[in-house]
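Have the viewer open, and try each task before reading its solution.

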Amino acid sequence: MSSLVQSVDWLAIAPPTLAAVVGLVVLVTDLFIGDARKAVLGWMSVAGLAASALLLLPLRDGDRATFCLTGEASSCSYVADRFTLVIQLLVLGGALLVALLSVTALKDADRELPEGEYWFLLLSSAAGAALLPASRDLATLIVALEVASLPAFALVGIKRGDKKSSEAALKFFLSSVTATAVSLMGVSFVYATTGTLYLTQIADRIQHVDGQFHTLAQTGVVLTLVGFAFKTAAVPFHFWVPDTYVGAPLPIAAYLSVVGKAVGFSGLILVTVVAFPSYADVWGPALAALAALTMTVGNVGALRQRSTRAYSAVRLLAWSSVGQAGYLLVPIAAAAYSKNAENAIGSTVAYALMYAAVNLGAFAVAALVARKSPLNRISDYRGLYTGSPLSALVLGFFLLCLAGLPPGIIGLFAKVTVFSAAVDAGLGWLAVVMAVNVVIALFYYLQWTTLLFRAPEGEPGTHPAPVPLTAAIALTAVLGVVLSGAPQLILRFSETVLF
Amino acid sequence: MIDISESVMQILLALIVVGPLIGAAATLLPAPPGLKGKSPEQAVLRHGVTVTGVVLIAAIVLALGFDHDHPSKMQATTDISWIPALDVRIHLGIDGISLPLLVLTALLTFLCALYSYFKMPAGPTPKAFVALLLVLESGTLATFAVLDLLLFFLAFETVLIPMYFLIARWGGAQRQAAAWKFILYTLLGSVVMLLGLLLIGIKTGTFDMVALATDNGRSLSTSVQVTAVLAIGIGLAVKTPMWPLHSWLPDAHTAAPTVGSVLLAGVMLKMGTYGFVRILLPIAPDGFRTFAPYLAAFAVVGIIYGSLACLALAKQGAKGDLKRLIAYSSVGHMGFVLLGISTMTPTGVNGALFANIAHGLITGLLFFLVGALKDRTGTSDLDTLAEESGAALYGKAPRLGGLLAFAAVASLGLPGLAGFWGEMLALFGAFEPAAGLSRPAYLTFMTIAAFGTLLTAAYMLVVVRRVCMGATPRESPGLADVQTYEFAAWTPLVALTVVAGLWPRALLDLTDPAVQQLLAGGTR
């Protein structure tokens, strides 16, 4: 009789594990250090996230798997293939940038926010988000989803005594829990019809489901997708986004817009392409419709923001992130129709990497401006160029990357890969919808960009930037510029085998 | 004409495309010691003149080094892989079709920089102005030099942001609305164009224009060609602009500063027609044949529509704006270009390319002149200018008046000047369109278009009468006549208009072999 004890490849699971361990260490350390030295916690977390990102290096061959069924080598719960590594890099890198933003935010909050808890929650959520792309069975997937989400609810509501913050957290929590519950029901349906939780086995067995259970399996597939669609903030699961972003501390809004989305779409990819490829005729049209709706609703929502309203900058970024989620969904939908589904998925990954870099950059500049104008209205950005020319140029660059127009070359080519995935799959109508959306989106991105270079009203204020914030802005700007010169660095994912 | 080694030619072409970009980045830096000039503004404007001047010289040397015995051969080619994932290559090269446009662009941008050095348009800092002008130049030059579909798209998009800011920040009344209309219209067109380009690239497996032109549409089914031509054609037609997609143009021209109008009319409209010739004709001939009669019909409507709009604007009491009038006349002129292309014959396409260059020279000059007039009198409103009897420019500023009259008659297509040959060849082409196209239809188009030339003559002469002639009031304040820098900026355009009119072979010898080859099955 063979041993039932699984051997664990510790190196493979090191990145998420380290993030979680550092989170615990920070929580314990918080108890023992005085108020004056709380800043240490922030730097510990930054170092921890950087270290776990570095731990991806020895894995870069992408051939490791662990927690496998002892009988069958192909059924593993944790796989560190290329897809996993790229998404983990995105998640950990994104969390690192958010941590840099948070260092300043916590310092400025002047002990209004509980530091130990904040860092613990952020690291736990990042650990869950890093675990998710590696999960290859439905149970681990749902657990990872919840590990990533639960701390996020608390982070949204972490502003003590702020009514808006708690309301946002509650809204986020209730809607998210409902979505997860629906997802779980879907998982149970799938388990009932196939008798397994491993994605590869599901893919195999779901083709041979008894005719009577066919409807049940189909319902299971659709319901499972709901939870992940919620995380990506796809319409109609988007309504929590604007209020949650405004209510949360700014770095957390940035975190949700990038890492939260990464969690959602990597889960969607795993479920659709790995687990249910034979049901492509069910989820393909559904995702295509979802993508079209999401980008349209998001962009129209962003278009309606008035620049003088309080928090309009964050609101606009929130709505624009909904619109961008729509573009991210396009290649996943295209994978259903395309002969080489993996290349289509690669387009989503490439787009997500671009989006992560420039969107975090935009949030970083927004955090800089918010230090001076806490209301963070778009009209506060008027004349930013006069006061701090570099941050204005950089923000303009990020916004044009998001819009996908030169000089944001990487944004342009990332959009081109998404378009080409859609055209390749024969989804011409979706490509046309997206084309119209790109034009709508340009309007609000460019309007904001123009404002940066207008003459300021009154005295131009300078925005002295603290070191961590400068580092975050510089890092994202350098990334954006380098990628614009060599788009191949991320676009290569759209032609390599990820799984 | 002169023998230059291929590698030097390559470097020259790369310099022409990248040089302005580097120059644009350099404007953002403080001026180095020794180049500070009288003031930072003066230094940066001079920097603009220097960079565009260097690019112009490079373009002229390139034109001299160009092998004029084989204009159909791609020369000075560079081919480097850039983004293997999307199969995007940095593939540059020039032939007889692109060389004249390249030189025209370099020339017009240089003249604009020179003009702005002495007469900076009112608005925010000159630093941003020069930087945007250079980015714009880089984008337009790249459009004519690249031989990769996605790179073409990139270059096509590069011009949008600079032009938007030039109109929105340095423009006249209504500039915000006009700038928005310009960028949203063009972007919508170009994104649709991207879909067509991707369709071609995905179906054939390459984005290389030379390979695709050699293939001449053989690996594309007719239905794919039709779809691709429709998508790409819409994008190019917005840019050209073709009636009924032209409505952004008059607003943009009216609001843009003088140099903005000059570049918009002189260079950017050509990006659209160049795309028709370079991409659609050789790569998807079957698809193009399907749409050619419709294109011709729209072109002819554009000719008549543009002329009628001009006539209406030129009428007394219509409160017509001169810049708007020239913009509408551009719609008409571009109609001739499109008519020539739609015939799919060497004659017609050669005519189209000739008309392209001629329109760039003449309309560029017209916008310069009207801009100068507006600077002097404070208005470009025809009624205000002309009052009761006429603006009497001949009396008040005889040289300016003479130049305006010259540009106007060149624009109406007087034989002996550049405007004549292009339109005549386009009409000739329509007289005998390519096999497979309905000749009666084209004869009708030709007749209507010929009638359009009469209308053009009518409104141009009305403009000359109202602006240049009239009694000079005795105690009227005199208008400053043409200044030295204005002469410097305008003389090249006048001279080239005359040269191209008297010696059309200089241009046709360049374009004809390349066009023949393009129509017969791609570039060797």
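Two residues are in contact if their C-beta atoms, placed from the backbone, lie within 7 Å. This is a predicted model, in which local features need pLDDT of at least 70 and side-chain atom pairs count only at pLDDT 80 or more, while totals for chains, interfaces and linings use all residues. Residues are numbered from 1 along each chain as its sequence is written, and chains are lettered from A and ligands numbered from 1 in the order in which they are written.

**Exercise 1.** Find what A:Ala422 is in contact with, leaving aside its neighbours within four places in sequence.

*Solution.* Start at A:Ala422 and look for its partners: A:Val330, A:Ala334, A:Leu427, A:Leu430, A:Ala431 and A:Met434. The largest nonpolar core has 423 residues, and A:Ala126 and A:Ala422 touch the most other members. Helix α13 of chain A (residues 341-372) gives this core its largest share, 23 residues. Helices here are DSSP runs (H or I, at least four residues), numbered from the N terminus.

**Exercise 2.** Decide whether A:Phe363 is buried or exposed.

*Solution.* First locate A:Phe363 in helix α13 of chain A. Then apply the cut-offs: a residue is buried if 20 or more other C-beta atoms, placed from the backbone, lie within 10 Å of its own, exposed if 12 or fewer, and partly exposed in between. A:Phe363 has 30 C-beta neighbours inside 10 Å, so it counts as buried. Finally, list what A:Phe363 touches beyond four places in sequence: A:Leu101, A:Leu250, A:Ala253, A:Ala254 and A:Leu317.

**Exercise 3.** Describe how α12 (residues 285-314) and α19 (residues 439-468) of chain B pack.

*Solution.* Begin with the geometry: the angle is about 20° and the axes are 9 Å apart. Axes are lines fitted to C-alpha atoms over the stretch in contact, and angles run from 0 to 180 degrees between N-to-C directions. Therefore α12(B) is roughly parallel to α19(B); angles under 35 degrees count as roughly parallel, over 145 as roughly antiparallel, 65 to 115 as roughly perpendicular and the rest as oblique. Among the residues making the contact are B:Pro293 and B:Val300 of α12(B), and B:Tyr442 and B:Gly452 of α19(B). Last, sort by class: the contact of these two helices has 20 nonpolar, 3 polar and no charged residues. Here Ala, Val, Leu, Ile, Met, Phe, Trp, Tyr, Cys and Pro count as nonpolar, Asp, Glu, Lys and Arg as charged, and the others, Gly among them, as polar.

Technical notes:
Helices (H or I, at least four residues) and strands (E, at least two) are DSSP runs, numbered from the N terminus. A nonpolar core is a set of buried Ala, Val, Leu, Ile, Met, Phe, Trp, Tyr and Cys residues joined through C-beta atoms within 7 Å.
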